[in-house]
Amino acid sequence: MSDTILLVEDEESDVEIFRLAAKEVRFENPIQVVKDGQEAMDYFSGTGKYFNRERFPLPALVLLDLKLPYRMGMVVLHWLRTQSRFKSTIVIVFTSSENALDISKAYEEGANAYLVKPSTIEGLGYLIRNLKNFWLNADVRRPEKDRERPVALSIFEPLPLTGQLPGFVKHPPRK
Amino acid sequence: MKPILQVEDDPNDVILLHHALKNAGVKNPVQVASNGREAIDYLQGAGKFGDRSRFPLPCLVLLDLKLPYVMGLEVLKWIRQQIGAELVVVMLTASAEEVDIKTAYSLGANAFLTKPSEAIKLEDMLRALKDFWLTHNTLPRELLEKTTAPRSLDSRTTIFGYLPSRNGTTHDEPLTKKGGK
């Protein structure tokens with residue numbers, strides 16, 4: 001069972017502070033970090049540099065920032081919830097936004113919880129400890145099979161031979 | 001202080017939870033619905049739960065799976081369709097079946113807890129629940145202040161439809177009504 005948490009965060013200083021606070025409260029779960037929305041999606045689909053699932057296991061939970069380069073956090077959340085494999089992955093929004101619209105939208109898109117980043121490192125440590133106590137202790141159930149099902153290695157599969165040269169797209173006949 | 005709504009048909013479990021919540025330092029009042037039908041009545045403010053000042057909307061629902069009349073997952077589905085995505089629903093059940101866990105999360109449960117058999121473990125669990133859901137988790141202020149009956153899906157669409165995206169928000173697209181989780 002993976003006990004990795006995935007932090008989707010573009011601000012390096014925020015990542016550093018998170019690691020410091022985690023250390024402070026003896027949070028020992030492995031922390032993987034991706035720096036933008038596209039990387040988050042690559043991580044989940046196991047594509048590109050994230051193809052090795054042993055090195056980059058599907059996380060027990062995701063802490064998702066909303067303001068991200070390339071793809072916004074909300075887009076990542078929406079994408080995850082449209083993938084049947086990640087429909088029940090625990091996604092916790094972790095952001096500085098206290099905007100009521102962001103909060104409502106996050107829940108509607110299927111966030112499990114919404115956390116506003118604390119302004120102090122002590123506050124963050126307290127949050128990490130309580131997060132761990134609730135989500136990573138033995139009694140809270142998280143869907144297991146979601147995370148253990150092997151990902152199809154589509155990049156290694158030969159392309160189907162359709163008898164067409166690349167570049168020719170066959171359109172279905174119009175009705 | 002908003003109540004916690006416990007949806008539980010076993011009177012022994014109601015008493016156990018009540019004590020454990022107290023010991024865990026939860027100060028919110030606890031309201032009990034003893035079956036799925038009552039849970040829906042409570043949230044709608046219908047029948048014996050008609051008086052909102054006596055039975056205010058909860059900040060958290062603790063929902064059992066196996067309930068008389070209307071099953072827990074049906075109640076969950078109803079909540080997500082009629083109340084919306086912002087009411088925190090934590091499943092609290094004897095089941096640890098993968099299929100229950102997965103279905104509950106896909107229907108929009110915020111979390112899934114399996115009842116421990118020992119009282120001390122239940123207390124620890126509820127302390128963790130309190131520290132996460134009643135301390136750190138953030139809900140829209142509108143919901144926290146709301147004391148009236150749940151809005152219908154139509155009024156919800158209208159509310160969001162008229163709110164423009166302002167600077168400082170992180171929305172990169174117009175808000176439209178989406179389904180639940």
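These exercises concern a predicted model.

Residues are numbered from 1 along each chain as its sequence is written, and chains are lettered from A in the order in which they are written. Local features need pLDDT of at least 70, side-chain atom pairs count only at pLDDT 80 or more, totals for chains use all residues, and side-chain values use heavy atoms, leaving out hydrogens and water.

**Exercise 1.** State how many helices and strands chain A has, and in what order they run.

Solution. Helices (H or I, at least four residues) and strands (E, at least two) are DSSP runs, numbered from the N terminus. Chain A has six helices and five strands. From the N terminus, their order is β-α-β-α-β-α-β-α-β-α-α.

**Exercise 2.** Decide whether Ile17(A) is buried, partly exposed or exposed.

Solution. First, locate the residue: Ile17(A) lies in helix H1 (residues 12-24) of chain A. Next, apply the cut-offs: buried means under 20% relative accessible area, exposed over 50%, and partly exposed in between (1.4 Å probe, protein chains only). Ile17(A) has a relative accessible area of 37%, so the residue is partly exposed.

**Exercise 3.** Compare the span of helix H3 of chain B with the expected one, and list its buried residues.

Solution. The expected span is 1.5 Å times one less than the number of residues. H3(B) (residues 72-83) has twelve residues, and 16 Å is expected. From first C-alpha to last, the helix reaches 15 Å, close to that value. Its buried residues are Gly72(B), Leu73(B), Val75(B), Leu76(B), Trp78(B), Ile79(B), Arg80(B) and Ile83(B). After H3(B) comes Gly84(B), with a positive phi near 120°.
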